[in-house]
Every structure is written in structure tokens, then in C-alpha cells.
Amino acid sequence: MLVRSVLPLARARPVPSTLRSSLTASSYPRWYAQNNKPKTPYVLPNQKASSSQSKPSQQRNTSAKNQSAQPKSKPVVVGASSGAKAAASASTGTAKTTSAKSTSEKPSSEPDVSPEQPEFETVAQAEEPAQAQKPQKPLPDLTQGIPSTLGAELDAARKGRKTTSLNLTEDPSKHDYEDYEDEGASGSRSKEAYESSLDRRRARVANVMYGILLGGLLGGTVYMGRNWDSEEEARAHKDAPSGWGVGLFWDRIKARMNSFTSYYRDPAFDKLLPEEDPSLRQPYTLVLSLEDLLVHSEWTREHGWRVAKRPGVDYFLRYLNQYYELVLFTSVPSMMADQVLRKLDPFRIIRWPLFREATKYKDGEYVKDLSYLNRDLSKVILIDTVPGHAREQPENAIILPKWKGDPQDKSLVALIPFLEYVAGMNVEDVRPVIKSFEGTYIPAEFAAREKVMREKFQKQLEEEQKGRPRRGVGNLAGLLGLKPQSSIDGQGPSEEKMLWDQIRERGQKNYEMMEQEIRENGETWLKMMAEEEEKARQEQMKSMKGSLTGFFGAAGEEVQKK
């Protein structure tokens, strides 16, 4: 029972809040926590210090007087009753509300914010008049990134100014940033202000690379323009001899550059035609173009692309085949021209077809260089419709007007007598003969010259017949029943016909024999050629298949099985 009566007395009882506040409160002010340092007013960078700099000291004196004038708080008695304390607090609260009401009712001319601001240890300054304030400068353009201060620091170092860190709380007027501020006054900065160190490093590397490239170009130019290393090179480039001079230097550079690009400009082979025994082929070579000479291509909306064969092409090719080695030389690609050639010449009267791959590309056009034919140019004749194709050997070329598809055209056939005369009379060099017909229409000019020659021959024949006796060896042979021998293959007496007429008669007989062979054996020849092509195609497929299977190892197994 004693324990139960003692326990309540030993328990800790809560102390009233009023008592705790009185115990913790002190009757003396915190003099040790006060800041007695002189307070310096805060001045913005764009504002000037006012002339009333003595105000802080006066305000400090005034604040000190106000603090001394305030009554000191009375000490709180610890043993006071809670009722008395409540009454005191109630009276204090009523006094405060009464003073607040009276204060709110009285109009005050003072500003709401007092000039003293002990919390921030600064003194607010009164705003200066609008006339005295400086206009605010526009802010920098941050859409392109935050501007770097490195540009200003480098500029200051370059101009010998003192470099300081940029601080927004400092007054810019105290520093020498006129040039840097002028750049931002316009609202935009130069690109250098937004360059990073990586961009500058890249720019330096690019400049170094440009310098290396420029030096390489200069060194390569000097190397390309040097003199020829050997006499063979000098003989091969007679147009650009060795020596000092800007012109010679440039000529050697062009000559060496042409040798580098010759792979793309020159024909695929140095010798376009194979070497043959002259006794096994015709002594003369006739080079023919394809487009607008033998055929004409046109496109229409109704029919699309159509190819027409020129009138007399078959007769032209088959007749001249006995005198000339026929070569087709066209600037059309082989994939297109080969199909046309198969229809144009199914019996392969044309011996050698040459396509665009055999031409030379020069000054934007394809040139047919006859020097690559591997034939004697004194025996070569080129017939074309484009003068630019024969720019390398114009003395060997006969340029005809383009055929536009006229079905009544006969100009190609009219050229046969001239070509037959050149080959039949065994002309040593065709170039002077072609030169003599320059500027004229060769078929008409040749017909006129032939007429003159025939008239002269008739006069000479008549004079010879008048001076000869009526009975001669020919008449005596006729009496004996013998035929007089002719000069050419038994084609009549030579004294009655011109040699030119005898050559023409022989050529006509050879053409008729060829036509008869084609009519009788043409179909057989076509079948044989088709079989040969099919056989070649099968062999080609087998070789391709064998190479493909051999790549995967199947060819070795087949060999083992065999």
C-alpha cells in the first residue's frame, strides 16, 4: 500500500508552457549576437553611388537611439500563477489590436518598406529619376547557344588589357570592356563568340590539310612538267619537247595527263583488225558508217522506234565485196548496233564490225581514228555522214549527206563506179584521188570526167583505125576460125573497149555469180551459222557452269568419278 501511494508522487509532471517560456526567456538582450560592423549599402552595377553616402551613418545613429528609447522588458517571475499570466497576455493582445487598428486608420505618408533592412545588412536606395537612368542594353542572342567569354579574354590579351573574370554583380564601367559590349549592343554576336575549342581545333586541322593538299598539287605540277626521262618518250611526244619555258612546261603536263586518261578515251585495242596475208584478202579497205548511211532510225508515237534500210544497200555491199575488205565502223554501242547488223547483213558480207568501243573520245565527240585499223592508210577509204568522225584523217574520208529515209534515193549506188575505178585501176594512193574530188558531188563529178575520158578514147581509137591496114592479125585469125584474145579474161578485143569497161563487165559477172550462190545456198548458210552460234553459246554456258561449280568444290568430285 505504501508503494502505491508513493508512485504517483515520483512520476514526472509536465511543466506548463508559460513556465517553460519564462524559464528560457532572458531579461538581458543578446548583445553578443549583434552585428556592430559598419553596414555598406549595396550598389547595383548600372547605378551610381548617390551623393548622400552619409545616410548609413545617420541611419545607424537613429536606429541606435530608437533602441535605447525602447523600454526594457521586465523580468518574468517564475512563481506567478497561470491565471495572472493569462490575464497579462490577454491585456497585451488587446493593446496590440488596438494599436494596429489605430495605425491602420491613420494615413501614413511613409513608404511601406522601411529604408532599414537589417535582415540583408544592406540599405535600400531610393530610385533615381527616369531621366538619369541609362537605357538598358539588349541582351545577347541565346538562341545560338550561350556565348563564350573566351573571345573577350583573348581579345583583352591581344590588346594588352588586364583580363578579369566577368561577374554580373560587378560594375562594367570599372573594367575595359567597351569592345566586348559594343558587339552585344547590336543584339547579335559574331560566329567566333560561339565557337568552342573543338571547332577551333577542327578549323586548324582543316587548314593544315588544305596546306598539305596545296603543297601536293604544286609538287605534282612541277613533277608532271619535268623534262622527258628518255629519248623514246621525247620521240613519242614531238609536240612537247624538253626544255625550259612556261609553254613547254604546260605542254609536257598535258602530254602526261593524256597518257593517264588514254584508257578511257582511246580505243580498246591498239590494233582493231588482225594481221592477214595481203595475198589472201583484198588490197583495199572500205570503212562504212552505219547511222544515216546504210540505215535510218526514227521514232514515232504510233510505231515507236523503226529502222529503215537504204535503197541499194545489198547491191552496194555484194558488188564492192570483190574489190574491198568491208569494215563497219559505227559510234553506236555494240549492244544496239549488233542487232541491226544481223538484220542488215545476214550473210556476213561485212567482214569486220567495229562499234563505239573502237572509237576515240575527243573534245566531246567520238572520232574514228583509222590509224588503229592496222592497215595501210594509202589503201583505206572512209565513207561517213559526220565530218567530225573523220577529223583525224580527213584526206581518207568521203562525206555524204545524211539519208533521212527517202525510198527513191540512189546516191549510195551512184558511188559504186568511182570506188570500182579506184580499186580496178590499182591506184597506189587513194588520198590524192579523193583530194581531187574535194568540194564536189563525187558521183556526178566522176560521171562528167568519165564522159570526157570516153570521148578522148573514141577519138584515139578512130585515129588508130584510120592509120592501120584493114587486114591485120585479128582478121587473119578470124579467117582461120580462131577467136582473138582479149586483154582481160576473154572479154572482147582490147582495142575496141576501154580497160575501164572491161573491168566493169568482169565485176558485174562476179556479182551475178555471188547472187546465184546466195539464192541456191543462202538458207543452208544461215542454218550453219545459227548452229555455230548455238554451239558457241552452249560451250560458253558449260565453261561458266564449270567455273561456278569449281568454286564450290563440285568440279573435283566429277573428276574423281571420271
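The following legends describe close-up views of a predicted model.

Residues are numbered from 1 along each chain as its sequence is written. Local features need pLDDT of at least 70, side-chain atom pairs count only at pLDDT 80 or more, totals for chains, interfaces and linings use all residues, and side-chain values use heavy atoms, with hydrogens and water left out.

**Figure 1. Overview of the protein chain.** The protein chain has 18 helices and 11 strands; these are DSSP runs numbered from the N terminus, helices being H or I with at least four residues and strands E with at least two. Of its 562 residues, 24% count as buried (buried means under 20% relative accessible area, exposed over 50%, partly exposed in between, with a 1.4 Å probe and protein chains only). Contacts are defined by heavy atoms within 4.5 Å; among those between residues at least 6 apart in sequence, 69% join residues at least 24 apart. The chain exposes about 41300 Å², of which carbon and sulfur atoms supply 57%; accessible areas come from the Shrake-Rupley method with a 1.4 Å probe, and for residues only the protein chains shown count as cover.

**Figure 2. A nonpolar surface patch that includes I212.** V205, V208, M209 and I212 form this patch, with about 380 Å² of accessible area together. Patches are made of residues with over 30% relative accessible area and no salt bridge, like charges being joined within 9 Å and nonpolar side chains (Val, Leu, Ile, Met, Phe, Trp, Tyr) within 5 Å. I212 belongs to helix α7 (residues 197-224) and counts as exposed because its relative accessibility is 53%.

**Figure 3. The largest nonpolar core and a second, separate one.** A nonpolar core is a set of buried Ala, Val, Leu, Ile, Met, Phe, Trp, Tyr and Cys residues joined through side-chain atoms within 4.5 Å. The largest has 44 residues, of which L286, F316, L320, Y324, I381, I383 and L419 touch the most other members. Leaving aside neighbours within four places in sequence, L419 is in contact with L286, F316, L320, Y324, I381 and I383. The second core has 14 residues, among them L272, Y372, L382 and A390.

**Figure 4. Surroundings of T359.** T359 is located in the loop between β7 (352-354) and β8 (360-362) and counts as buried, at 4% relative accessibility. A polar atom of the T359 side chain lies 2.6 Å from the backbone oxygen of R356. Beyond its neighbours within four places in sequence, T359 has contacts with residues including R265, D266, P267, F329 and Y366.

Figure 5. The structure holds 25 salt bridges, each a side-chain nitrogen of Lys or Arg within 4 Å of a carboxyl oxygen of Asp or Glu. The side chains of R310 and D409 meet in one of them (2.8 Å, N to O). R310 lies in the loop between β5 (304-309) and α10 (313-320) and D409 in the loop between β11 (397-399) and α12 (411-414), so the pair ties together parts 99 residues apart in sequence. Both R310 and D409 are buried. E325 and R375 also form a salt bridge through their side chains (3.1 Å, N to O). Since E325 is in strand β6 (residues 324-329) and R375 in the loop between β9 (365-367) and β10 (380-384), this pair ties together parts 50 residues apart in sequence. E325 and R375 are both buried.

Figure 6. The closest N and O atoms of R504 and E450 are 3.4 Å apart. R504 is partly exposed, with a relative accessible area of 27%, whereas E450 counts as buried at 15% relative accessibility.

Methods
A polar contact is a pair of N or O atoms within 3.5 Å; within protein, one must be able to donate a hydrogen and the other to accept it, and residues adjacent in sequence count only if both atoms are side-chain atoms.
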